[in-house]
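Keep the structure in view while reading.

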Amino acid sequence: MKAIIWQGTNHVGVETVPDPTLLLPTDAIVRVTSTAICGSDLHLLDGYIPSMERGDILGHEFMGEVVEVGSGVKKVRVGERVIMPFNLACGVCDPCQRGMFSACDNSNPNHRMAEALYGATSASGLFGYSHLFGGYAGGQAQFVRVPFADMGCFAIESDLRDDQVLFLTDIFPTGYQAAENCGIVPGRDVVAVFGAGPVGQFALRSAQMLGAAEVIVIDRVPERLRLAEAAGARTINYEDTDVLVALREATGGRGPDHVIDAVGLEAHGHGPGALLDTAEQKLRLSFDRITALRWAILSCAKGGTVSMPGVYGGLVDKLPLGAAFNKGLTLRMGQTHTHRYVRPLLKRIQEGEIDPSFVITHRAPLSRGPELYKTFREKHDGCIKVVLDPWA
Amino acid sequence: MTSSSFSGGRSVTPSDRQSTGAMMPGAERAIFGVVGVFLLTAGLCSGSPFHRLAVAALGVGLSALALSGRSPVATALKIQQNEDGETLVSDAVTIGKGADELYAVWRKLENLPHLMKHLERVEVLDERLSRWTVKAPFGYSGGEVSWEAELTADEPGQRIAWQSLPGAQIENSGAVLFRAAPGDRGTEVVVRLTYRPPLGSAGTLVARIAGQEPSQQLRDDLMRFKREQELGYHPTTKGQSSGRAEKGDKV
C-alpha cells in the first residue's frame with residue numbers, strides 16, 4: 001500500500017510499504033477513505049517530538065471502511081463505515097473506566113519510555129505519533145491496523161460526507177474539550193483563543209456552543225482571522241498590535257475570563273521570551289516555545305482558566321507561574337479524551353449545529369501529501385486544513 | 001539484607017526503608033574521607049585563589065560524602081543499596097482485580113517465569129523449597145544460573161516472601177504484597193527485591209545500560225502482569241507495517 005512516511009526531520013515522503021495485518025485478535029483493519037494532516041503532525045515534521053524513527057507511518061486523523069476484524073472483536077463489523085479517535089484506549093483500565101481515555105494505562109507498549117520522560121504513569125498509545133506514544137503505525141495510508149477495535153472504531157451510519165465527520169477523530173473534540181475545560185458561564189464569560197488554526201477554529205465555535213458571551217481570537221494569518229470573524233469572533237492580529245494591551249482594552253481591563261492556548265510548542269511571537277525560546281529550541285536545551293502560553297497566562301482574568309489543547313512535549317523555560325499563582329488561575333491541559341466526545345459531537349453535526357468541513361482549504365491525493373505538509377507548515381496558499389484521498 | 005526484613009508485620013510505608021538508600025560500603029567511604037581531607041588541605045595551602053577554591057571545594061564535597069555515607073555513583077543512578085552492598089529494587093502497580101485472585105497467580109510459583117521475563121523456570125520442590133533458574137546475567141559465565149529458595153512468608157491474599165538458601169550463586173530475596181487500592185480500584189501489587197550484584201554498583205550500571213537491570217525488568221514485569229490480568233493480552237506493534245527495510249517492526 002501507499003503511505004506517508006517520516007523519513008527524518010523535515011522529510012516526509014510517500015512510500016510503498018506492506019499492507020497492515022491483524023497482530024492481535026482485538027485488531028481490525030480499515031481501508032482508509034479520507035485522512036487529514038494535523039497541526040500536531042508538523043511538530044513531528046519539525047522534529048520536536050522525540051522518538052520518531054525513519055520509516056514510521058504518519059497520520060492520526062482518518063476514517064474508512066472496516067475490511068477485516070480479529071477473532072476477539074465483538075462489536076465492529078466488516079463493511080462498517082467508521083471513524084477512529086487518534087488515541088488508543090483499552091476500555092477496561094481504571095482511567096478508561098472513568099472516561100479519561102487519553103490516560104489509558106494499557107495501550108502504550110513503550111510505557112517505559114513514556115515513564116522515563118513523564119513520570120510514574122504511562123501515556124496512552126497514539127496513532128502515528130512517535131515511539132514514546134507506542135510507535136503505532138498511522139493512517140496517512142491506504143490501510144491501517146486499528147488496535148482495541150471495539151473501543152477505537154465508531155460507526156457512522158448517517159449519509160454525512162467524510163468531510164463532515166472526519167474531524168471527530170481529533171480536532172473537533174480537541175477544540176471542544178478545550179472550551180469545556182474553561183467552565184464557561186453562559187452569557188457572561190469572555191473567552192480568548194490563541195491560534196486560529198483548525199483546533200482554534202473548533203475551540204472558538206465550541207466556546208460559542210457552550211454560551212460564551214464573546215470570543216476573541218488571536219493569530220497573525222489574515223485568512224485564519226477572517227475564518228474566525230465569519231463565525232462571529234472578534235480578532236486581534238498580534239503582529240499589528242500589542243496583544244496584551246488589546247485584550248485588556250477589549251475586556252474592560254479585566255482580561256478574558258478564560259484563555260485557550262491552541263498553539264502549543266511551536267509558537268511564533270515577539271519579545272525576548274520568544275527569542276530565548278527559539279535559541280533554546282535550536283540548541284535542544286528546551287523542546288518547547290511557549291510565547292502563546294505566556295500571553296495566555298498574562299492576559300487571563302483573575303480566577304480564570306488557561307486551557308491548553310496545544311501540544312507540549314518537554315521542558316519549558318520562563319513560564320510566568322507567579323502570574324498564574326497570584327491571579328488564582330486554573331490550568332487545564334492534556335491530550336483529548338476523544339472517545340468521550342465522538343457521539344455527542346456527531347449528534348451536533350447531524351442536527352446541523354455545525355458543519356466541520358468549513359475548515360478544509362485543500363483536498364488532494366495522498367501522493368501530494370509531502371508537498372502539502374510544507375504548504376500547511378508555511379501557511380502558504382491560504383492553507384488551514386488538508387484532507388488527502390489515499391485512493392485518488 | 002537478611003530474611004528477617006521480610007518476616008513479621010512490618011509496615012509497607014516507605015518509612016521502613018530508612019536504613020537503606022544509596023549507602024557506600026565502609027571501605028569506599030574511608031577512601032572518600034581520606035581523599036577529601038587531603039584535597040581540602042592541599043587546596044587551602046596552594047597558590048592561586050581560584051585553584052585554592054576549586055580544590056578545597058572538591059575536598060569539602062568528598063569529605064561530606066564520606067561523612068554522610070552516601071555513594072555518589074549509586075545516588076546519581078538512583079540505585080538503592082543497603083550497608084551490606086546489596087541492591088534493593090522495588091516497584092508497584094495497581095491492577096483492577098481482587099487481591100485473592102492476584103495472590104493465587106503468584107502463589108503458583110511455576111507461573112512466575114510467565115510473569116517475569118528474566119526467569120527461565122521455577123521448579124517447586126516441596127511446600128517451602130523451590131529451584132529458580134535465570135539466564136546468566138552480566139558478570140556470570142555459562143548460559144544459566146540457578147539457586148534454591150525457600151518461602152519465608154505466605155499469607156493468602158496479602159503477602160508472599162522468599163529468600164535464596166545459603167550458597168546461592170546470586171544471593172537474593174524478595175516479597176510481593178497485595179493490598180486493596182482505595183476507591184474500588186482493585187489491588188496494589190508491591191514487589192521488593194534485594195540482590196547482591198556481581199560487580200557492585202559498576203555491575204548494576206552495566207546491567208542498566210544493557211537494559212537487564214532488575215529495576216527495569218521489574219517495571220516491565222509488573223506492567224506485563226497488569227495487562228495480562230486486565231486485558232488478557234499485551235499491546236504490541238511487533239510485525240506492523242512500516243517503511244523500514246527490515247522485516248517487521250521494532251517495538
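## Helices and sheets in a predicted model

In chain A, helix α6 (residues 171-180) and helix α7 (residues 198-209) have axes that come within 7 Å and cross at roughly 50 degrees. Angles from 35 to 65 degrees fall between roughly parallel and roughly perpendicular, so α6(A) is oblique to α7(A). The crossing of α6(A) and α7(A) is right-handed. On the α6(A) side, the contact is made by A:Ile171, A:Phe172, A:Thr174, A:Gly175, A:Tyr176, A:Ala178 and A:Ala179. On the α7(A) side, A:Pro198, A:Val199, A:Phe202, A:Ala203, A:Ser206 and A:Ala207 take part. By class, the residues of this contact are ten nonpolar and three polar, with no charged residue. The model is predicted, not experimental.

Opposite A:Ala192 stands A:Ile216 in β10(A).

Elsewhere in chain A, strands β1 (residues 2-8) and β2 (residues 11-16) run antiparallel and are joined by six bridges. A:Lys2 has A:Thr16 in β2(A) as its bridge partner. These strands, β1(A) and β2(A), form a hairpin with two residues between them. In the turn, A:Asn10 has a positive phi of about 70 degrees. Strand β1(A) is also joined by two bridges to strand β4 (residues 56-57) of chain A, and the two run antiparallel. There, A:Trp6 stands opposite A:Asp56 in β4(A).

Chain B contains seven helices and eight strands. Of its 251 residues, 30% are buried. An open sheet of eight strands in chain B has the order β1-β2-β8-β7-β6-β5-β4-β3 and antiparallel pairing. Its edge strands are β1 (80-81) and β3 (119-124) of chain B, each pairing on one side only. Strand β2 (residues 87-95) of chain B and strand β8 (residues 187-195) of chain B run antiparallel, joined by nine bridges. B:Val93 has B:Val189 as its bridge partner in β8(B).

| Helix of chain B | Strands of chain B touched | Angle between directions |
|---|---|---|
| α4 (residues 99-107) | β2, β6 (159-164), β7 (172-180) and β8 | about 160 degrees with β7(B) |
| α7 (residues 214-230) | β2 and β8 | about 20 degrees with β2(B) |

How many residues does each chain give to the contact between chain A and chain B? Chain B gives 22 residues and chain A gives 30 residues. The side of chain B that touches chain A has five nonpolar, nine polar and eight charged residues.

Conventions: Residues are numbered from 1 along each chain as its sequence is written. Chains are lettered from A and ligands numbered from 1 in the order in which they are written. This is a predicted model: local features need pLDDT of at least 70, side-chain atom pairs count only at pLDDT 80 or more; totals for chains, interfaces and linings use all residues. Axes are lines fitted to C-alpha atoms, for helices over the stretch in contact, and angles run from 0 to 180 degrees between N-to-C directions. Helices (H or I, at least four residues) and strands (E, at least two) are DSSP runs, numbered from the N terminus. Angles under 35 degrees count as roughly parallel, over 145 as roughly antiparallel, 65 to 115 as roughly perpendicular and the rest as oblique. A crossing is left-handed if the near helix is turned anticlockwise from the far one by less than a right angle, and right-handed if clockwise. Two residues are in contact if their C-beta atoms, placed from the backbone, lie within 7 Å. Ala, Val, Leu, Ile, Met, Phe, Trp, Tyr, Cys and Pro count as nonpolar, Asp, Glu, Lys and Arg as charged, and the others, Gly among them, as polar. Two strands pair if DSSP finds at least two bridges between them. A residue is buried if 20 or more other C-beta atoms lie within 10 Å of its own, exposed if 12 or fewer, and partly exposed in between; C-beta atoms are placed from the backbone.
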